[in-house]
Amino acid sequence: MADLKDFAEQLVNLTVKEVNELATILKEEYGIEPAAAAVAMAAPGQGGGEAVEEQTEFDVILKAAGGSKLAVVKLVKELTGLGLKEAKGLVDDAPSAIKEGVTKDEAEGLKTSLEEAGAEVELK
């Protein structure tokens, strides 16, 4: 039992870099996906460690349509697959979530596209 407590303490005190390395090892050698490893590594309320779990899911929030509202509505329609009326509603009701629970790369891509169309966007 003491060995398991020592192991748990080691896990809780891993740095972000070490957690990423562990996730890579688990994925490549054992077929365990990093998202599952990150959940297993999270130990809320334990230890005062400075390791912070890296965010894996993001919400793309439209804060304002900007000067080119029509272009933003068309882009929101295209990106979300919503109808024109629903897309316009999202833009009119800003701040509003355009997409939720997306990967960092997808969120960054959406943010870039929306900003190029003139919108003000935030990732959470």
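This is a predicted model: local features need pLDDT of at least 70, side-chain atom pairs count only at pLDDT 80 or more; totals for chains, interfaces and linings use all residues.
Residues are numbered from 1 along each chain as its sequence is written, and side-chain values use heavy atoms, with hydrogens and water left out.

**Figure 1. Overview of the protein chain, with six helices and three strands.** Along the sequence, the elements follow the pattern α-α-α-β-α-α-β-α-β. Helices (H or I, at least four residues) and strands (E, at least two) are DSSP runs, numbered from the N terminus. Of the 124 residues, 23% are buried; buried means under 20% relative accessible area, exposed over 50%, and partly exposed in between (1.4 Å probe, protein chains only). The accessible surface comes to about 8,400 Å², and carbon and sulfur atoms contribute 52% of this area. Accessible areas come from the Shrake-Rupley method with a 1.4 Å probe, and for residues only the protein chains shown count as cover. Among contacts with a separation of 6 or more, 64% join residues 24 or more positions apart, a contact being heavy atoms within 4.5 Å.

**Figure 2. Salt bridge between Glu-120 and Lys-63.** The side chains meet at 3.7 Å, N to O. Glu-120 belongs to strand β3 (residues 120-123) and Lys-63 to strand β1 (residues 58-64), so that the pair links distant parts of the chain, 57 residues apart. Glu-120 is partly exposed at 43% relative accessibility, and Lys-63 is likewise partly exposed, at 37%. A salt bridge is a side-chain nitrogen of Lys or Arg within 4 Å of a carboxyl oxygen of Asp or Glu; a search of the whole structure finds four.

**Figure 3. Salt-bridge network of Lys-69, Lys-88 and Asp-92.** Lys-88 has a relative accessible area of 41% and is partly exposed. Asp-92, with 36%, is also partly exposed.

**Figure 4. Salt bridge between Glu-106 and Lys-99.** The closest N and O atoms of the pair are 3.6 Å apart. Glu-106 counts as partly exposed at 35% relative accessibility. Lys-99 is partly exposed as well, at 24%.

**Figure 5. Surface patch of negative charge.** Asp-105, Glu-108, Glu-115 and Glu-116 gather here. Patches are made of residues with over 30% relative accessible area and no salt bridge; like charges are joined within 9 Å and nonpolar side chains (Val, Leu, Ile, Met, Phe, Trp, Tyr) within 5 Å. Lys and Arg count as positive and Asp and Glu as negative, while His and the chain ends are not counted. The place of a charge is taken as NZ of Lys, CZ of Arg, CG of Asp or CD of Glu. Glu-116 lies in helix α6 (residues 104-116) and is exposed, with a relative accessible area of 67%.

**Figure 6. Nonpolar surface patch of Ile-25, Tyr-30 and Ile-32.** Together, the three residues have about 300 Å² of accessible area. Ile-25 is located in helix α2 (residues 16-30). The relative accessible area of Ile-25 is 39%, and this residue is therefore partly exposed.
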